[in-house]
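Dear colleague,

I am passing on a structure that you have not worked with before.

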Amino acid sequence: MGAQWKAKGKELAANARGRVFGKLAKEIMVAARSGADPASNARLRLVVEQARKVSMPKDTLERAIKKGAGLTGDAVHFEHVIYEGFAPHRVPVMVECLTDNLNRTASEIRVLFRKGHLGTSGSVSWDFDHLGMIEAEPAAQGADPELAAIEAGAQDFEPGEEEGATMFLTDHADLDLVSRALPAQGFTVLSAKLGYKAKNPIDPATLSAADMEEVEAFLAAIDANDDVQNVFAGLAG
C-alpha cells in the first residue's frame, strides 16, 4: 500500500515507545516554530493529536512545544532532509530525517545504505506520490469509507495498518482539511501525516523468504536511526 513502513519486533515495546516519543517530540518542536497554539497552527495540531493517541506524557508534550516555540531559552534547530535509494533486491526507499547535524546524519545514512544503494535526489522520488495519509476508524457501525472519502474530499482510500481502520489518501495540501472533515462522516482520526506512496510497488510474493528477510533487516536498521523520522518502502500490501 506504500504507506509508512513499520519495522517488525513490536514486542520490544519499551524501546519502540521511546523511539516513537523521540520522533514525535522532534516533529512537535519543528511544528511549534510557527506558533505554540495548536488551535492556530494546523501542523502542530495534527502532531499533538498523534502524540496524544500514543499516550505521550503531558509534560513531555508541553516541553517539546515550548522548546520548539523558543519559550525555554534553549535554541533548537532541526533540518528536514530526504534520502532516496534502494534496499536490497531493488526495493525503492524514501528516508525522511530531522537532524541537528547534517554531516553526522549523511555519514550514518551512507553506512546504513551499504547493503542497498544510496541514490541521488530524484533518483527514486519520481516513483512515489507525496500525499496526505489519514488513518481513521469507524466511530459507529456501518460507517462507509467510500462515502466518507467523497464527502471529506479525500482522493482515495484503502485498508489501514490497524485492523478495521481505513487509510484516507489526500492531496498533500488538503491533509488538515480532510482530517477535520472525517469525524462528521463517522470516522475517528487515529493519525494524520504527509508521506510517500509508491506508484509501482514491488509485490513481496516475488521475493524469496530469504530476500524478504534481507529487506526487512535493512529497513529495520534505518528505522532505528535516531535522525530518521519515517521510512517509506515501495512494497505492496
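Which residues line the largest cavity? They are Leu46, Glu49, Gln50, Lys53, Val189, Leu190, Ser191 and Ala192, where a cavity is a set of points on a 1 Å grid over the protein atoms alone at which a 1.4 Å probe fits but cannot get out, and lining residues have an atom within 4 Å of a point.

This is a predicted model, in which local features need pLDDT of at least 70 and side-chain atom pairs count only at pLDDT 80 or more, while totals for chains, interfaces and linings use all residues. Residues are numbered from 1 along each chain as its sequence is written, and side-chain values use heavy atoms, with hydrogens and water left out.

The volume of the largest cavity is about 40 Å³, a volume being the space filled by probe spheres set on the points, which are joined across faces, edges and corners. Helix H2 (42-53) and E7 each supply at least two residues of its lining; helices (H or I, at least four residues) and strands (E, at least two) are DSSP runs, numbered from the N terminus.

E7 also belongs to an open sheet of four strands with antiparallel pairing, in the order E5-E6-E4-E7, and two strands pair if DSSP finds at least two bridges between them. The edge strands, each pairing on one side only, are E5 (156-159) and E7 (187-198). Within the sheet, E4 (residues 128-138) and E6 (residues 166-171) run antiparallel and are joined by six bridges, and Glu135 stands opposite Met167 in E6.

With best wishes

Notes
1 Å grid on protein atoms, 1.4 Å probe; cavity = no way out; pocket = protein on both sides within 12 Å on 5 of 7 lines; lining within 4 Å.
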